[in-house]
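Hi,

Here is the structure I said I would pass on. Have a look at it first, and then read on for what turned up.

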Amino acid sequence: MTDTNISLGTADAVISEPQQDRVRTYWQLVRLRLRHDKVTLFFGAIILTIVLLAVLAPVLPLRDPLETGMINRLKPVGYQGFILGTDELGRDMLSRIIWGGRSSLLMGLLPVALALLIGGGLGVIAGFMGGTVNMMIMRVMDVFYAFPSILLAVAISGAMGGGMMNGLISLTVVFIPPLCRVAETATTQVRGLDFVEAARASGAGPASIIGTHILGNVLAPVFVYASGMVSVSILVASGLSFLGLGVAPPTPDWGLMLSTLRQAIYVNPVVCAIPGIAILITSLSFNMVSDGLRQAMDVKM
């Protein structure tokens with residue numbers, strides 16, 4: 001009886017071992033790495049907080065960001081209910097920072113998303129087709145590399161007359177070439193692998209191969225690269241607004257607030273620095289989250 005119990009116990013242990021050592025999928029491993037990355041989680045929480053404040057700005061108990069009061073011009077932080085002070089026209093800085101996050105995040109996220117769709121799609125097509133198609137697409141992209149990204153964005157936005165919409169278009173054009181190049185490089189590396197050749201030999205068409213085999217292997221490096229460009233997009237968009245080529249006044253925007261407050265920097269430097277601090281924290285957070293995603297996905301650029 002004792003031997004039987006021992007043998008049954010041994011069998012249970014053998015059966016339970018595969019359950020404990022179950023194989024995890026790639027995305028389960030990525031999620032597990034991110035869960036243990038406290039730095040990425042911390043900065044991800046900061047981004048989530050900024051996004052929630054911007055989205056919920058209309059329902060939050062805030063002062064009107066456009067309400068002026070010349071009596072309260074350039075008041076310091078904490079002055080009579082103005083938690084972050086007031087600007088050069090007496091407007092509440094806390095309200096304008098939160099409302100300004102809406103336009104700043106839009107100018108940071110939307111161009112990258114559009115460039116990811118357009119540039120990523122062109123890069124996959126160029127990398128998969130090769131030959132003349134690859135040469136035509138990539139030579140066009142090389143033309144844009146001849147110009148620094150910031151100067152190109154300023155030139156396009158200035159030629160179109162400024163404004164938020166023109167700023168979005170100029171940023172999208174600037175970010176398409178690098179995303180296209182990353183997608184093309186990753187696709188070129190994947191298209192020669194055995195499973196792609198096997199799918200091609202089985203009679204699968206180009207659309208089926210790209211959708212089933214290529215995109216799954218290209219998405220990770222392209223997405224990681226795109227997430228890192230969000231911080232660059234926020235900085236460039238703020239620069240356009242600072243130069244008067246982005247968001248038009250009186251709409252709250254961090255870059256525009258820096259521009260209008262720069263003349264009062266010797267009167268109240270703390271209040272004047274608040275929009276710059278918001279830009280710094282947001283861009284730094286996106287950059288750190290991008291680094292965390294890169295490490296979790298083990299993507300080598």
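On helix α3, the face turned away from the buried side carries the exposed residues Lys38, Phe42, Leu48 and Val55. Here "exposed" means over 50% relative accessible area and "buried" under 20%, with partly exposed in between (1.4 Å probe, protein chains only). Helices are DSSP runs (H or I, at least four residues), numbered from the N terminus.

Before you go further: this is a predicted model, where local features need pLDDT of at least 70 and side-chain atom pairs count only at pLDDT 80 or more, while totals for chains, interfaces and linings use all residues. Residues are numbered from 1 along each chain as its sequence is written, and side-chain values use heavy atoms, leaving out hydrogens and water.

Back to α3. Its buried residues are Thr40, Phe43, Ile46, Ile47, Ile50 and Ala54. They sit on the same side of α3 because they cover an arc of only 125° around the axis, taken from the directions from the helix axis to the C-beta atoms. What covers them includes α2 (26–35), α4 (93–129), α10 (254–261) and α11 (269–297).

Next, the largest nonpolar core. By that I mean a set of buried Ala, Val, Leu, Ile, Met, Phe, Trp, Tyr and Cys residues joined through side-chain atoms within 4.5 Å. It has 65 residues, and Leu171, Phe175, Ile214 and Trp254 touch the most other members. Helix α9 (residues 206–242) gives the most to this core, with 14 residues. Leaving aside residues up to four places away in sequence, the contacts (heavy atoms within 4.5 Å) of Leu171 include Met107, Pro111, Ala153 and Ser233.

Most residues other than glycine have a negative phi, and most peptide bonds are trans. The bond from Pro249 to Pro250, however, is cis, with omega near 5°, and Pro250 is in the loop between α9 and α10. In the loop between α3 and α4 you will find Leu74, with a positive phi of about 50°, and Gln80, with phi near 45°. Leu74 is buried at 13% relative accessibility, whereas Gln80 is exposed at 60%.

Last, the cysteines: there are zero disulfides (pairs of cysteine sulfur atoms within 2.5 Å). Cys180 is buried at 0% relative accessibility, and Cys272 is buried at 7%.

Cheers

Terms used. Helices (H or I, at least four residues) and strands (E, at least two) are DSSP runs, numbered from the N terminus.
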